[in-house]
Amino acid sequence: MATLAKTEQDFSRLPDLPDDVFTAPLKKPDHVGEDWLEPKQTEYDSEDDAIWNDLFARQMQVLPGRAATAFMEGTEKLDLGRGGVPEFGKLSEELDKLTGWSVVPVPMLIPDHVFFWHLANRRFPAGNFIRTRETFDYIQEPDVFHDVFGHVPMLTDPVYADYMQEYGRAGWKAMRYNRLKALGSLYWYTVEFGLLEETPGDIRAYGAGILSGPTEVVYSVEAESPNRIMLNVDRVMRTDYVISDLQPTYFVISSFEDLYRQTVERDFDKLYRSLGPGFTYANTAVIDVDYVVNRGTLEYTLRGGRGSGAKPV
């Protein structure tokens, strides 16, 4: 059976990006190599550490009962509240003992094929900078708080950690079919904005984009506006998404084992051949094949979202 990751690619080598693959153009800083890794982690000062501590404290006020148990346990296993920006070397030692992953510093968003390569080798690239007080509530490009606090605790869960590696390996196949946008949608609705039904009726967040910001934590699991729909991989990869606002729709998994099964065991060659270059469904859509947990009012979105000052209800 063809699977998500089945490919002849040698994952020990950085893959070439074909000229005909559509991807965002990013200018590589002169001080990094083809792997885009920083020579060392930033030496954060006391104000940087204070920003981390304040962000951490704010999130820990809203996450209990709303964040996935695996995430909350991960923050404890890695002791992310020990004070200040975590040191990547020590963090990687602890993470390696649990699931074989490490955390590596990168200067900014990195090209898709480089990101896939690091994930395929169980390395998580984390932004080598932290937001300022002026951008405390919202930062467009992911910083060390989003990447380490939002993503890394989930990598302590063995099944989720394996899913992330398989996602990285899947990038090669998506590039061959020129369907990086579709694969990106899967990442968006799982790794960044995924929800989990831990027990019947108990919906919790595991996506880093939710967990690293206070408003979306509450909105995603409690508000009436958004749709909450059980994950269907084929449907998700045809669905557009919102980058700079709260999501109109979230997709829910029943377990991380179910997430792994739905993706790694899916015949993606057949799926990619059936996909068009664009999205089929709007991010607000509810379609006839959906298993709907909550059909949202879409009030927040219809009132204009963040730019209008609409309340996230």
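Biologist: What is the order of the five strands in the open sheet?
Modeller: The order is β4-β3-β6-β5-β7, and the pairing is mixed. Strands here are DSSP runs of E with at least two residues, helices are runs of H or I with at least four, and both are numbered from the N terminus. Two strands pair if DSSP finds at least two bridges between them. This is a predicted model in which local features need pLDDT of at least 70, side-chain atom pairs count only at pLDDT 80 or more, and totals for chains, interfaces and linings use all residues. Residues are numbered from 1 along each chain as its sequence is written, and side-chain values use heavy atoms, without hydrogens and water.

Biologist: Which strands stand at the edges?
Modeller: β4 (202-205) and β7 (292-294) do; each has a single partner strand, so one side of each lacks a neighbour in the sheet. From one strand to the next, the twist averages 35°.

Biologist: In which sense do β5 and β7 pair?
Modeller: Strand β5 (residues 227-230) pairs with β7 in the antiparallel sense, over two bridges. Ile229 is opposite Val292 in β7.

Biologist: Turning to helices, at what angle do α4 and α6 cross?
Modeller: The axes of α4 (residues 112-120) and α6 (residues 158-177) cross at roughly 140° and come within 7 Å. Axes are lines fitted to C-alpha atoms, for helices over the stretch in contact, and angles run from 0 to 180 degrees between N-to-C directions.

Biologist: Which residues of α4 meet α6?
Modeller: They are His113, Phe116, Trp117, Leu119 and Ala120; contact means heavy atoms within 4.5 Å. Their partners in α6 include Met164, Tyr167, Trp172 and Met175.
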